[in-house]
Amino acid sequence: MGSLIPAFSLIFSLAFLGVWMRDRSARHVLGFAIGQALTGIGFLLFHYVGTPDDAAPALVMHLIYCAACTMLVWGVCRRAGTTAPLRTIALVVLVSSGLIALSSIAIDKNPRLFAANTSYAIIMGIGALTLLRTDLRAWVDRAILALFAVTSLQFFVRPQVAAIVMGPMTSEAYRASWFYSVLIVTMAVVSLLMTMALAAAVLKDLVNAIRQASELDHLTGLKTRRPFEQSAMDRIEAASDARVPLSMIVADIDHFKQVNDIWGHPAGDAAIAAFGRLIGGQVRDTDICGRIGGEEFAILVWDCELAAGERLAERIRIAFANMQHVPLGKDIRLSASFGVASVQPGEGFGKLYARADSALYNAKASGRNRVEAGRPSQADSAQRGVAERRGQSPLPVAANS
């Protein structure tokens with residue numbers, strides 16, 4: 001039974017390592033791999049290297065176990081988008097290592113058992129408390145939190161039960177007892193459940209990444225129209241419940257038909273990609289961006305009043321107007337027009353988008369390369385804006401002409 005935990009740990013470590021090698025940005029998965037490997041190594045050392053009565057081998061195994069717990073805590077915290085309190089954990093490891101070194105002098109190893117297990121309990125408890133402050137919507141996230149809490153509780157209770165059941169004991173007597181055999185089975189079950197929960201979380205993340213990749217436009221990396229609309233509708237509903245202001249920005253590259261006619265579609269694709277990258281670099285993680293048409297883009301800006309939305313659109317407009325487009329030729333500049341609207345009470349996606357789109361039509365009709373704000377009264381003219389703004393337009397010009 002003693003080989004069960006290291007076998008599972010090392011197998012899952014290799015599996016996590018394979019996932020990380022596929023996506024090096026998923027550093028939390030590497031943390032899981034290292035944590036699982038260290039757990040397996042620690043158990044192998046404890047079971048097959050002899051009785052660790054001396055301070056040196058006891059400290060080595062203690063540091064390995066502490067490192068294993070720390071990597072798991074670091075990994076789950078990073079996955080949850082928060083920071084693990086590594087300084088606090090380092091202090092716990094330092095204090096517990098000193099206590100283990102001192103307690104190794106005595107024949108009775110209960111004090112060392114208390115010092116080691118209490119430190120593991122604190123580290124896992126720190127992980128649980130850190131996760132508790134994050135948004136745990138998915139069942140797998142709640143399962144990981146519960147298992148961290150159970151593991152922490154187990155480490156707290158284990159040395160106390162051992163002292164009550166076994167009394168004073170040496171390391172050899174502890175490992176030869178029936179109590180230790182029951183403990184190994186319990187730890188194997190909890191460890192396996194923890195590993196399965198982490199694996200389920202990694203699998204869930206992979207599925208979400210594949211789904212999200214299918215929702216992204218290949219030129220710009222922004223959402224395509226349908227995923228953008230669905231995300232925007234969900235965000236508008238959430239903003240209504242939380243009474244948070246939202247603004248919609250709709251943008252269209254000016255004279256884009258002539259860009260394709262004169263410089264060709266590859267040059268047009270390059271301009272679209274450049275505009276998409278610019279938009280993606282100007283917004284926050286809480287905002288939603290999408291390419292909703294050939295050269296048309298939309299941004300739903302979270303916690304943003306109309307005036308702030310206009311300022312954001314103006315920054316993007318100026319940056320795009322100053323951007324060089326090498327595939328179009330030296331000193332060639334393009335421009336874009338913008339319509340902005342702020343969500344009104346009880347308003348859904350359709351009406352909000354219609355007002356922003358109507359404002360975009362007004363920007364086009366007023367000379368292009370400008371930002372216009374949409375008011376509630378403009379919703380009736382939105383359909384006219386969609387149909388009319390795609391007429392003929394003059395050519396883009398060189399910046400120095």
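Here is a short walk through some aromatic residues of this structure. The model is predicted, so local features need pLDDT of at least 70 and side-chain atom pairs count only at pLDDT 80 or more, while totals for chains, interfaces and linings use all residues. Residues are numbered from 1 along each chain as its sequence is written, and side-chain values use heavy atoms, with hydrogens and water left out.

Let's begin with the rings. The structure holds 10 aromatic pairs, where rings of Phe, Tyr and Trp (its six-membered ring) pair if their centres lie within 6.5 Å, and planes under 30 degrees apart count as stacked, over 60 as edge-to-face and the rest as tilted. One of them joins Tyr-65 and Tyr-120 edge-to-face, at 5.8 Å centre to centre and 75° between the planes. Tyr-65 belongs to helix α3 (residues 55–79) and Tyr-120 to helix α5 (residues 110–132), so this pair ties together parts 55 residues apart in sequence. Helices here are DSSP runs (H or I, at least four residues), numbered from the N terminus. Both Tyr-65 and Tyr-120 are buried, meaning under 20% relative accessible area with a 1.4 Å probe, protein chains only.

Next come Phe-275 and Phe-320: their planes are at 45° and their ring centres 4.5 Å apart, so the pair is tilted. It links distant parts of the chain, with Phe-275 in helix α11 (residues 265–282) and Phe-320 in helix α12 (residues 306–321), 45 residues apart. Phe-275 and Phe-320 are both buried.

There's a cluster too: ring pairs link Phe-43, Tyr-65, Tyr-120 and Phe-155.

Finally, look at Phe-179 in helix α8 (residues 178–214). Phe-179 is buried, with a relative accessible area of 10%.

Key. Helix = DSSP H or I, 4+ residues; strand = E, 2+ residues; numbered from the N terminus. Buried < 20%, exposed > 50% of the residue type's maximum accessible area, 1.4 Å probe, protein only.
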